[in-house]
Amino acid sequence: MLFLQIPLLAVLLPGGDNKDVVQEHILFHVIQISSFANQSWAQIQCSGWLDELQTHGWDSESGTIIFLHTWSKSNFSNEEFIVLELLFRVYLIRLTQEIQDYASQLQFEYPFELQVTAGCELHSRNTTKSFLQVAYQGTDFLSFQNMSWVPSPEGEIRAQRACDLINQYEGIKETVSKLIRNICPRFAWGLLDAGKMYLQRQVKPEAWLSGSPILGSSQLLLVCHVSGFYPKPIWVMWMRGEREQPGIQRGDVLPNVDGTWYLRVILNVEAEEAAGLFCQVRHSSLGDQDIILYWGHHLSLNWIPLAVIAPLILLMVLALWFKKHRSYQVISWDSSPCCPHCNEK
């Protein structure tokens, strides 16, 4: 397979030291999705991720890396990225050509998709787990383990055939090993260092309640919405007094377009029992000032001062308006026309 004849690039991106970053285990990985419609048409998408935050994209037209944040270059130089872009560009072009040439032999049936994920998981400066996995049509196909391509049981005979082919090329195995075991950890630690201010930021959540009757029953569906928070860990619970309510349905924590997160927590309750329930939100950005929203009040305790101040401000404005209006009327009635003959009879 020609795409496997990529040079070893033994001098690719030499190692370097980074300052330690306060961080628990973290994952950096690259995702590649190759869609093959037929023998002459294919589309490839690539992206880089730091845990669940996308840091990089790939411009397939120009064959260049897209940096989604100001710190996405890690501590790598422009020259190092030029080498990486060249490597990925050659790899993607050759891969597409060779997959199309060998599709029949590997028993790939059009249309089909190949998914590749490769990267490293950092536990400490000295403990790193690297990986590269390939899936065919969403099913495990093969992986890279101990300097060898290993078929997955789900891949059956076609995965074994693919591994037999690519295991012949020692150069590509050494290149893959260098990328995921040496370059990836250095790049990931550099990302953590360069993006420290962004990754360690604290953004307070906003919360609100909604509810609706459940058709055909006497129950209400109560929803506590929490949005705009960062980092991702958060605690949200429907409460009555100090008791957590059973039977809540917690949705997935979903990303917002600005990099913050959204969550909703649902509770089904008899309508007459809804009074006294409240949603409580705890998040690192709030310190010990939890957000508490009472059903029926729809008012967070954080907003109570504003709710008290706003009517006072309105009363002050109205008082000033009446005072001004009254003064204007007095002036109008007391004013006399400037006429020398007005008092003459």
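This is a predicted model: local features need pLDDT of at least 70, side-chain atom pairs count only at pLDDT 80 or more; totals for chains, interfaces and linings use all residues.
Residues are numbered from 1 along each chain as its sequence is written, and side-chain values use heavy atoms, with hydrogens and water left out.

**Exercise 1.** Work out why the pair of Phe 67 and Phe 81 is edge-to-face.

Step 1: The ring centres are 4.9 Å apart and the planes sit at 85 degrees, so the pair is edge-to-face (planes under 30 degrees apart are stacked, over 60 edge-to-face, the rest tilted).

Step 2: Phe 67 belongs to strand S4 (residues 64-67) and Phe 81 to helix H1 (residues 78-102), so the pair ties together parts 14 residues apart in sequence. Helices (H or I, at least four residues) and strands (E, at least two) are DSSP runs, numbered from the N terminus.

Step 3: Phe 81 is buried at 5% relative accessibility, while Phe 67 is partly exposed at 29%. Buried means under 20% relative accessible area, exposed over 50%, partly exposed in between (1.4 Å probe, protein chains only).

**Exercise 2.** Classify the pair of Trp 71 and Tyr 198.

Step 1: With centres 5.7 Å apart and planes at 40 degrees, the pair is tilted.

Step 2: Trp 71, in the loop between S4 and H1, and Tyr 198, in helix H4 (residues 196-199), are 127 residues apart.

Step 3: Trp 71 is buried at 8%; Tyr 198 is partly exposed at 23%.

Conventions
Rings of Phe, Tyr and Trp (its six-membered ring) pair if their centres lie within 6.5 Å; planes under 30 degrees apart count as stacked, over 60 as edge-to-face and the rest as tilted.
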